[in-house]
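Student: Hi! Could you walk me through this one while I have it open in the viewer?

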Amino acid sequence: TYLEIGVAVTEVLLLCAFSFPIFSQVRQEFPPKEKSLELRIVAEQFAWNVHYPGKDRLFGKTDVRLMNSGNPLGLDPNDPAGADDIATLNQLHIPVDTPVIATLSSKDVIHSFSIPVMRVKQDTIPGHKIPISFQATRTGNFQVACAQLCGLGHYRMLGFFIVDSKEQFQSWLADQAAPSGSQAMVLHA
C-alpha cells in the first residue's frame, strides 16, 4: 500500500507541476519596436495583403467600411499618417538580419500564415490581430503559403517572401513609395 500511496502522490505532484503556467519557460519575447521592421499582413481568400508604414513609421488608419478591390486594407485616404504607407499583394519583402514584428489578421475565414523556410506558422482569425516575430539570417527568395484549407481557391494562396540585403530593401522601399499628392497606398503584385 505504501507503493500505491507513493505513486498517487507522485502523480498529483506531476499533474500540479505541469498544469500551472508559472513552471513554463515557453514565452516569446518580442524585439524592441524601434529596432524592428513593423508590418501588417491581412489574409483574404486567396491572397496576402502586406501593409508597410511609410517613412514616418506610422500606419494609416484603417476601416472595414473602406475596403474594396482598390483598397483591400481599408486605408483611410484622409489620414495623413497613411499618405506614405505601402501595400503589396502576395509580396513580403524584409531586410536580412533585422527583427520583424508582423501583425496578422484575416478578412474572411481562418487562414494559416506559413513561411516554411523560417519555420514560421500562425493561424489568422477574423476579428483578431495576432502579432508574430521572426528574423531572417540569409537573403533569398522563398514562399509564403496558407497552411489552412481556406476554400476552393486555397491552392492559389501563395505569396513571395523576399529577404533582401539592407541596401536592397531600402532601394525597394524607395521604389514602392508613392509620389507626393497620390493616393494613400500603392499596390504591387
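Student: Which residues touch the most other members in the largest nonpolar core?
Tutor: Keep in mind that this is a predicted model. The largest nonpolar core has 31 residues, and L39, L92, I94, F113 and F134 touch the most other members. Strand 1 is the element that gives the most to this core, with four residues. As a general point, nonpolar side chains in soluble globular proteins tend to be buried together.

Student: What does F134 contact, leaving aside its neighbours within four places in sequence?
Tutor: Quite a list: L92, I94, T98, P99, V100, A102, I115, M118, V120 and F161. L92 and I94 are also among the core residues that touch the most other members.

Student: Let me zoom out. How many helices and strands are there?
Tutor: Two helices and eleven strands. Read from the N terminus, the order is α-β-β-β-β-β-β-β-β-β-β-α-β.

Student: And what share of the protein is buried?
Tutor: Buried residues account for 41% of the 189 residues. The protein exposes about 11600 Å², and carbon and sulfur atoms supply 58% of that area. On contacts: taking those between residues at least 6 apart in sequence, 66% join residues at least 24 apart.

Student: OK, helix 2. Which of its residues are buried?
Tutor: F169, W172, L173 and Q176, in a helix that spans residues 166-176. Looking down the axis of helix 2, the buried residues fall within an arc of 100 degrees, so they line one face. In general, an α-helix has 3.6 residues a turn, so residues three or four places apart point the same way.

Student: What sits on the face turned away from the buried side?
Tutor: The exposed residues E167, Q170, A174 and D175 are carried there.

Student: What about helix 1, where is L13 and is that residue buried or exposed?
Tutor: L13 is in helix 1, residues 2-19. With a relative accessible area of 56%, L13 is exposed, because the cut-off for exposed is over 50%. Together with I5 and V9, L13 makes a nonpolar surface patch of about 290 Å².

Student: Switching to charges. How many salt bridges are there?
Tutor: Three. K33 pairs with E38, with the closest N and O atoms 3.8 Å apart. E44 pairs with K107 at 3.3 Å, N to O. D63 and R65 meet at 2.7 Å, N to O.

Student: Which parts of the chain does the E44 and K107 pair link?
Tutor: Distant ones: E44 is in strand 1 (residues 37-44), while K107 is in the loop between strand 5 (100-106) and strand 6 (111-115), and the two are 63 residues apart.

Student: Is E44 buried or exposed?
Tutor: E44 is buried, at a relative accessible area of 19%.

Student: Last topic, backbone geometry. Where is the cis peptide bond?
Tutor: The cis peptide bond joins Q45 and F46, with omega at about 10 degrees. F46 lies in the loop between strand 1 and strand 2.

Student: What is phi for R57 and N90?
Tutor: R57 has a positive phi, near 60 degrees, and is not a glycine. N90, also not a glycine, has a positive phi of about 60 degrees. R57 is in the loop between strand 2 and strand 3, and N90 is in the loop between strand 3 and strand 4 (91-95).

Student: Are those two buried or exposed?
Tutor: R57 is partly exposed, with a relative accessible area of 46%. N90 is buried, at 16%.

Technical notes: Residues numbered from 1 in each chain as written. Predicted model: local features only at pLDDT ≥ 70, side-chain atom pairs only at ≥ 80, totals over all residues. Heavy atoms only, no water. Salt bridge = Lys/Arg side-chain N within 4 Å of Asp/Glu carboxyl O. Buried < 20%, exposed > 50% of the residue type's maximum accessible area, 1.4 Å probe, protein only. Core = buried A, V, L, I, M, F, W, Y, C linked by side-chain atoms within 4.5 Å. Contact = heavy atoms within 4.5 Å. Arc of directions from axis to C-beta. Patch = residues over 30% accessible without salt bridge, like charges linked within 9 Å, V, L, I, M, F, W, Y side chains within 5 Å. Areas by Shrake-Rupley, 256 points an atom, 1.4 Å probe, with all protein chains shown as cover.
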